[in-house]
Amino acid sequence: MRQMMDCPENARLSRRSLLMGGAASLALWSLIPRIAIAGTRDPRLLTIVLRGGLDGLSMLAPIGDPNYASLRPRLAIPATGEGAGLTLDGFFALNANMPFLHSLYQKREATLIHATATPYRGRSHFDGQDVLESGLGGVGRITDGWMNRALAKLPSAGAADATKGLAMGAVVPLVMRGPAPVLSWIPKTYNLPLRDSTVARLTNLYSMTDPKLARAFAEGLEIDRVALSQASGTPAPAAAKPGGAAGPLPPRLSKEFIDAAEAAARFLSAADGPRIGALSYNGWDTHANEGAVQGQLGNRLAALDGALEALHAGLGPVWRESAIIVMTEFGRTARVNGTEGTDHGTGMAALLVGGAVRGGRIIADWPGLAETSLFEGRDLKPTLDLRTVFKGVLRDHLGIPDGALATSVFPDTAAAKAFDGLMA
Amino acid sequence: MSLRDASVALRRFGLGAKPGDMARIAADPRGFVLAQCALTTAARLDDPELRPSHDVFAEAQTAQRQMQMAKQAEKLAAQQNAPMSAPSASPASPPPSRGNAPPKPMAGLVPGAPPPQRPEVKAGAIRRDAFNEELAARIERGVSTDAPFVERLVLFWSNHFCVSAAKGIVRGMAGGYEREAIRPHVLGRFADMLKAVVHHPAMLIYLDNHVSIGPNSPAGRRGQKGLNENLAREILELHTVGVDGGYGQDGVTNFARLLTGWSVGNLNQRVVPPGTFFYIPMRREPGAWAVLGKTYQGGEEAALAVLDDLARKPATARHIARKLARHFLDDAPPKPLTDRLEAAFRSSDGDLAEVAKVLVNSPEVWEARPRKVVPPYDFAVSLVRGFGYRPKPQELGRLAAALGQPTWTVPAPKGWPDDDDAWMGPAAIRERLRIAEQTARNVDKLSDPRTLAADLLGDAMSEETRQTIARAESREQGFELLVMAPEFLRR
C-alpha cells in the first residue's frame with residue numbers, strides 16, 4: 001500500500017502492461033496454484049460506492065406506500081404506464097432502467113435492501129462517505145477503510161495477490177485504504193462524469209457571484225463541447241445497451257461504468273488475482289432535474305445496470321463465488337424539492353448481488369413515508385444498520401469471524417450483530 | 001484586523017496562503033505585509049548552483065562557434081572527397097578542384113590541425129538548461145518564501161522590465177537577468193533598477209542596442225550598420241515616462257544616439273568577460289543630444305545621466321503609480337490611490353520600499369473584494385503553496401504556459417497584460433478546470449476541502465462558495481471546486 005501510494009503511476013503502468021500483455025500474462029497467473037481462501041470456496045467481494053447520495057426511493061420505489069406518489073409529484077416512479085417500475089413484490093418496484101438487476105432478482109441472485117443507513121446522521125457528503133467507508137461509528141480522525149481491515153483478517157492472509165485489495169481509480173478510495181497492500185488500476189474513461197457535476201456546480205456558483213467568470217466559463221465549455229462532438233466519431237462501446245426506459249445511453253457515461261466494471265471483473269476472476277475490490281461511481285447528487293426515469297438519474301441507473309451486467313459477464317465462472325455490494329453515503333429527501341430534485345437525506349437503498357448471494361428478496365423493515373414516520377420530518381427513517389449487512393457478508397462469504405468483525409473491522413459494533421443468511 | 005485582512009495580505013499581496021498562514025498572521029495582517037517592505041535583501045536569490053548570465057552567454061556562444069567551425073570543416077571535407085578522387089585524399093593537402101576555386105578555409109581553421117569537433121553540448125541545450133534551472137529556483141522561491149509580497153514585487157518589476165527568452169541567447173540569460181538586475185532593487189531605488197536593467201546584456205540584446213551604431217561614429221563611417229532605436233523607445237514608452245510622457249520622435253532618436261556604444265562583450269574581444277556589459281567608444285555617435293528638454297553630451301556616462309533624469313520625471317512617477325495600482329488592486333484603480341502612490345514616488349525620489357509601504361497602508365486595498373484574476377504563473381505557485389501538490393518545476397512551467405503565460409517569454413516588450421480580460425479567456429478558464437482536476441487527484445485525500453477552503457481563502461470566501469464546497473459530492477470534487485472558486489481565481 002505504501003509503495004502504491006508513493007508511486008501509483010508505476011503500479012498503474014505495470015498493471016496495465018500486465019493486462020495488455022493479455023493472454024500470456026493471464027495464462028501465467030493461471031499456472032500458479034490456486035489459493036483457496038475459505039475451505040474449498042474461493043469467494044470474491046466487490047463494493048461499489050455511489051458517491052453523491054443515491055436516491056433510493058427512485059431506484060427501489062415503494063409504489064405501495066400511500067404517501068410515495070404525493071410526496072414526489074412528477075418524480076415518483078409510476079406503478080403503471082410509461083416509466084413504470086419493474087415488478088418485484090408488489091410493494092416495491094425496481095427502476096425501469098435496471099432490467100439486468102431485475103433478472104438477477106428473479107434468478108435469486110440479487111437482494112435489494114431499503115431503509116438502511118450507516119450511523120451517520122448529518123448531511124455532508126464527505127463526512128457521510130467517511131463513515132460509510134471507514135466503518136466507524138462517526139466522523140473523526142479516519143485513516144483506513146473497513147475493506148482494508150477485512151483484508152488483514154482473511155483466513156489465508158499471507159498468500160500472494162489473493163490478499164491484496166483491488167482499487168479502481170487514481171486514488172485508493174477510503175474503503176480500501178490502510179496498511180494491507182492494494183493494487184490500483186485506472187480505466188482510461190473512469191470517473192469522467194465528475195466533470196459534468198463539477199461543471200454544473202461551478203456554473204451555478206459563478207452565476208450567483210461572478211457574472212464575468214460565468215460568461216467566460218460558459219464559452220469555454222462550449223469550445224469543449226464542440227471539440228468533443230468532433231472527436232467522438234468513435235462508435236459507442238459494444239457493451240452499451242440500446243437503452244432501457246431512459247432511451248439511448250450517453251455513450252460516455254455508459255462506457256465509463258462498463259470499463260471500470262470490466263477491468264474489476266478481469267482482476268477478480270484471475271486465478272491468483274485479488275479477491276476483494278472497490279470501485280466508485282460519481283455523480284449521484286441529484287439536487288435539480290433529477291430525472292428518475294428519463295434524465296440524469298435514469299441514465300446513471302441504466303449505466304449501473306450495464307456495469308452489473310459487465311461484471312456478470314466478466315466474472316464468468318467465478319460469478320457464482322462472487323458478492324457485490326452497492327452502497328451510497330446517504331439517501332435523499334422523501335419530498336421532491338423546488339427544482340425537481342431531492343436533497344441530502346438519511347435512509348437509503350443498497351444492493352447485494354452475485355452468484356454467492358441468497359437473493360430474490362427485499363430486506364426492508366419499512367417505516368413508511370407518513371409525515372410522522374419521516375426522520376426529522378424529511379427523510380426516509382433508517383431501520384437497519386448497514387454495517388450489519390457488511391458484517392454478514394464478511395463473515396458468511398469471506399469467513400472472517402464475528403470477533404474480528406466486532407473489534408477490528410468494525411470497532412465497537414458488538415451490538416450491531418452480523419445479518420444472518422445473506423449468502424447462499 | 002480579521003481573517004478578511006489576512007486573505008488580502010496573503011492573496012492580494014502574496015502568492016496565496018499555505019495551510020495555517022491565515023491564522024498565523026490574523027493578529028496583524030497589515031503588519032505582516034509592511035514588515036516585508038523592510039526586508040531589503042529578501043528578494044535576492046543567490047544560489048551558488050545558479051550561474052551568472054554572462055557565463056551562460058559565454059558557454060553557449062563558444063558551443064555555437066565550435067558548431068559553426070565543425071560544420072565548415074565537415075563541408076570542406078565533403079567537397080574534397082566528392083570529386084571522383086580516391087578516398088586517400090588527405091585534408092592536409094587538398095587536391096586542386098577543377099573549375100571551382102578551392103574553398104577558403106574559415107578563419108580559425110588551421111590547415112593541418114585536427115578537424116574541429118562538434119561541441120559536446122549544443123548551444124540550444126546550454127540555454128535551455130540554464131533557463132530550466134533558473135525557472136526551478138524561481139518557483140521554489142515562490143513556493144517556500146515567507147516574504148511573498150517581496151516576491152510579488154519581483155514578479156511585477158520583472159514584468160515591467162521584461163526580456164523574452166524567445167530571442168536566442170536571452171533564453172539562457174533571462175533568469176540570471178532577473179536575479180542580477182531586478183531582485184537587488186525591488187525595495188531599493190527605481191533609478192538604480194532602471195540603470196541595472198538597461199546596463200544588462202540581456203536587455204541590451206533583447207532590445208537590439210548591442211548592435212546599434214552611431215552613423216557618424218568611426219564604426220558607422222566604416223559602413224557598419226546604423227542606429228537602432230528599439231531600446232531607447234521602450235525605455236521612454238514602457239519603462240519610465242510612458243507613452244504620454246511628452247517626448248517625440250526626436251527624443252527617441254536622440255536617446256538612441258546617446259545609447260550608442262552600450263553593447264555586450266562577445267568572444268572576439270579581450271577587454272571584458274564575454275557576456276558582460278561592454279562600452280564600445282568606436283560606435284558612439286558624436287555630438288550633444290536633447291531628450292525631454294535637456295541636452296546631454298555623448299559618452300558612456302551620458303546615457304546614465306538620461307536614465308537618472310528619466311527616473312525623476314513626474315510622468316515616470318505617474319506611470320509607475322498607475323501600473324502598481326492596476327496590478328495590485330483593480331484594472332481601474334481609484335484616483336486617490338494612484339495620486340498617493342505618485343506622491344510617494346516623487347517625495348521619496350523613487351524609493352520603492354516607501355512606495356510599497358504607501359500601497360500597503362492605503363485603505364482601498366483592504367476594502368475591496370477579490371478582483372484581479374490571478375495570472376497563470378502566480379496561480380501555479382499558489383496551487384503548490386495551498387495544496388501541497390508538488391509537480392516538477394518544469395511541469396509547473398508548462399502549466400503556466402498552457403494558461404497563456406510561458407515564464408520569461410513575453411510576446412512583446414510591453415510584458416504580460418495586467419487586465420482581467422487577458423487571463424479570463426474562455427479557453428484559459430476551461431484549462432484551469434483541467435488543472436483543478438489534476439490538483440484534486442494529487443491532494444492528500446484525508447484532508448478536508450472545507451477546512452482547506454477556510455485555510456486558503458479566509459474570510460474572503462463568500463457564503464455561496466463555502467456552501468458549494470461543503471456540498472461537493474466527494475472530497476476530490478470539493479478540492480476542484482476550491483481551486484475554481486472565484487475567490488481562488490481572483491485576488
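Across all chains, a search of the whole structure finds 51 salt bridges, a salt bridge being a side-chain nitrogen of Lys or Arg within 4 Å of a carboxyl oxygen of Asp or Glu. This is a predicted model, in which local features need pLDDT of at least 70 and side-chain atom pairs count only at pLDDT 80 or more, while totals for chains, interfaces and linings use all residues. Residues are numbered from 1 along each chain as its sequence is written, chains are lettered from A and ligands numbered from 1 in the order in which they are written, and side-chain values use heavy atoms, with hydrogens and water left out.

**Where chain B meets chain A**

- The contact (heavy atoms within 4.5 Å) takes 36 residues from chain B and 42 residues from chain A.
- Together the two chains bury about 3,200 Å², with 61% of it on carbon and sulfur atoms; buried area is the accessible area (1.4 Å probe) that two parts lose on being put together, summed over both.
- On the chain B side, Arg430(B), Leu446(B) and Glu473(B) lose the most area to chain A, together 23% of what that side buries.
- Four salt bridges are counted between chain B and chain A.
- One partner of Glu473(B) is Arg201(A), and their closest N and O atoms are 3.3 Å apart in a salt bridge.
- The side of chain B that touches chain A divides into 15 nonpolar, six polar and 15 charged residues. Here Ala, Val, Leu, Ile, Met, Phe, Trp, Tyr, Cys and Pro count as nonpolar, Asp, Glu, Lys and Arg as charged, and the others, Gly among them, as polar.

**Salt bridges within chain A**

- Arg201(A) also meets Asp285(A) in a salt bridge (2.7 Å, N to O).
- This pair links distant parts of the chain, 84 residues apart: Arg201(A) is in helix α9 (residues 193–209), and Asp285(A) is in the loop between β8 (276–281) and α12 (296–315). Helices (H or I, at least four residues) and strands (E, at least two) are DSSP runs, numbered from the N terminus.
- Arg201(A) is buried at 13% relative accessible area, and Asp285(A) is buried at 9%. Buried means under 20%, exposed over 50%, and partly exposed in between (1.4 Å probe, protein chains only).
- Lys255(A) and Asp259(A) form a salt bridge, with their closest N and O atoms 3.1 Å apart.
- A network of salt bridges links Asp42(A), Arg44(A), Arg275(A) and Glu321(A).

**A salt bridge within chain B**

- Asp349(B) and Arg189(B) join in a salt bridge (3.2 Å, N to O).
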